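Please read them with the sequence and the coordinates open beside you.

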Amino acid sequence: VGPLLGADSIRSGIRATLIGGALVFIVMILYYRLAGIIAGLALILNLLIILAALAMFKGTLTLPGIAGLILTIGMAVDANVLIYERIREELRLGKSLRAAISSGYNRAFSAILDSNVTTIVAAALIFQFGTGPIKGFAITLTIGLLANLFTAVTCTRVIFELLCDQFGLAKLKMMQFFRETRIDFIG
């Protein structure tokens, strides 16, 4: 690939990442409302940490690195959805918001840790056996997943606890597309 075509591909990849990230941010806000805004802030912090780490290591953002960024966005959203759905379950059980947040994060942590560690192991194998640009994908993905563990599990929780403790947040509204239905089996 020539330099001009490569630069155009990178510009397109960055544009796709920004548009995809913005759409994810909008959907999270529409569905989770305040929690979606918090998830969006965590996602922005996650991307800043990745870019800072790449700058610190004097890394360049290649097309495979952009793919690592996109996968990181997906994993970050997955972590937030796991947490928020656990919080929703706890709220349905009648717990206070503060208790639901604590239980929700505790219950979601093992699934988030498992998925991130598993992906980091895969990235380590890609780095070990891959070549040039593929190693960039593995590095970007690993940095992103480590940042995700910090932002999704720690930063968002601190924000929720701050809102509860300092600003008296007592309710958390989230959209609900699917209603639970009860099915009785006769027999």
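1. Helix H5 covers residues 132-167, and at 1.5 Å a residue its 36 residues should span 52 Å, which agrees with the 49 Å between its end C-alpha atoms. The expected span is 1.5 Å times one less than the number of residues, and helices here are DSSP runs (H or I, at least four residues; strands are E, at least two), numbered from the N terminus.

2. Before going further, please note that this is a predicted model, in which local features need pLDDT of at least 70 and side-chain atom pairs count only at pLDDT 80 or more, while totals for chains, interfaces and linings use all residues. Residues are numbered from 1 along each chain as its sequence is written, and side-chain values use heavy atoms, with hydrogens and water left out.

3. H5 has a kink of about 30 degrees centred on Thr 151, the bend at a residue being the angle between axes fitted to the seven residues ending there and the seven starting there. After H5 comes Gly 168, with a positive phi near 70 degrees.

4. Taken as a whole, the chain has five helices and zero strands, in the order α-α-α-α-α along the sequence. Its C-alpha atoms fill a box of roughly 65 × 50 × 25 Å along the principal axes.

5. Helix H2 (residues 34-56) packs with helix H3 (residues 63-92) at an angle of about 145 degrees, the axes lying 10 Å apart; axes are lines fitted to C-alpha atoms, for helices over the stretch in contact, and angles run from 0 to 180 degrees between N-to-C directions. The contact (heavy atoms within 4.5 Å) involves residues including Leu 43, Asn 46 and Leu 47 of H2, and Ile 73, Ala 76 and Asn 80 of H3. Its residues divide into ten nonpolar, four polar and no charged, where Ala, Val, Leu, Ile, Met, Phe, Trp, Tyr, Cys and Pro count as nonpolar, Asp, Glu, Lys and Arg as charged, and the others, Gly among them, as polar.

6. The structure holds eight salt bridges, each a side-chain nitrogen of Lys or Arg within 4 Å of a carboxyl oxygen of Asp or Glu. One of them joins Glu 89 to Arg 86, with the closest N and O atoms 3.5 Å apart. Because they are three residues apart in helix H3, Glu 89 and Arg 86 are separated by about one helical turn.

7. Arg 157 lies in helix H5. Neighbours within four places in sequence set aside, Arg 157 is in contact with Ser 102, Tyr 105 and Asn 106. Arg 157 and Ile 38 are 119 residues apart in sequence, yet 9.4 Å apart in space, C-alpha to C-alpha.
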